[in-house]
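Notebook open, model loaded. I'm jotting down what I look up as I go.

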Amino acid sequence: MIRTENLIISKVSHRHADALFRIYGDVENNAYNPSPPFSSIEHSQSVLNAWIEHWSVKGFGNHAVSMTSDKDCIIGFGGFSFKKFRGEEVISLGYKFTPDVWGNGYATEFVNGIIEHTVLPGNVIKVIARTHPENIASIRVLEKTGFIYLEIYDDNDGMGLSSVFSRKI
């Protein structure tokens, strides 16, 4: 578990299925996501199973994020995972927060906390993050947390058009 000033960042578990569905099933929250909102709690459980397996195999992965003032209310998810980019497997950072907490600096706090406290495999020297070119709030989070803009990329793994950022760790 990672504690920041306002957040508790904990490894995902099966008990997070309802919160995952609430956040990833929200239409507003998926405005910049090429994938549709989650359609069922079963789909959320399937995604959680994959995230938990990633933790088991790789030793790092996605986290549930709650407030220090209410540790039982999940406000977001995020973390590191392996993704394909330009034919190579890279470490990618991702995050998503419920719209009712947007604009409070929690995504920035999360990214700083996760980078500071996560141990990635020894040969990893940088991570990437991708966001939709029109998702200005997410772009600002990446810039504030030390990510450098690389390019606009129209990739082939279902993400569609992405602004790609990178950060040495």
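**Entry 1: the loop at S13**

I started at S13, which sits in the loop between β2 and α1. For the names, helices (H or I, at least four residues) and strands (E, at least two) are DSSP runs, numbered from the N terminus. This is a predicted model, where local features need pLDDT of at least 70, side-chain atom pairs count only at pLDDT 80 or more, and totals for chains, interfaces and linings use all residues. Residues are numbered from 1 along each chain as its sequence is written, and side-chain values use heavy atoms, with hydrogens and water left out.

I asked what S13 touches, leaving aside neighbours within four places in sequence. I found L48 and I52 in contact with S13, contact being heavy atoms within 4.5 Å. I also checked S13 against E28: they are 15 residues apart in sequence, and their C-alpha atoms are 25 Å apart in space.

**Entry 2: α1 against α2**

Next I looked at α1 and helix α2 (residues 41–58), whose axes come within 8 Å and cross at roughly 110°. Axes here are lines fitted to C-alpha atoms, for helices over the stretch in contact, and angles run from 0 to 180 degrees between N-to-C directions. I therefore put α1 and α2 down as roughly perpendicular to each other, the label for 65 to 115 degrees.

Which residues meet? From α1 I listed A17, D18, L20, F21 and Y24, and from α2 I41, S44, Q45, V47, L48 and W51. I sorted the residues of this contact into eight nonpolar, two polar and one charged. Ala, Val, Leu, Ile, Met, Phe, Trp, Tyr, Cys and Pro count as nonpolar, Asp, Glu, Lys and Arg as charged, and the others, Gly among them, as polar.

**Entry 3: the sheet**

I traced an open sheet of eight strands, in the order β1-β2-β3-β4-β5-β6-β8-β7, with mixed pairing. Two strands pair if DSSP finds at least two bridges between them. At the edges I noted β1 (2–3) and β7 (148–154), each pairing on one side only. I saw that β7 and β8 (residues 161–168) run antiparallel, joined by six bridges. For Y153, I found S162 as the bridge partner in β8.

**Entry 4: salt bridges**

How many salt bridges are there? I got two, using a side-chain nitrogen of Lys or Arg within 4 Å of a carboxyl oxygen of Asp or Glu. I looked at R86 with E151, where the closest N and O atoms are 2.5 Å apart. R86 is in the loop between β4 and β5 and E151 in strand β7, so this pair ties together parts that are 65 residues apart in sequence.

Terms used:
Parallel < 35°, antiparallel > 145°, perpendicular 65-115°, else oblique.
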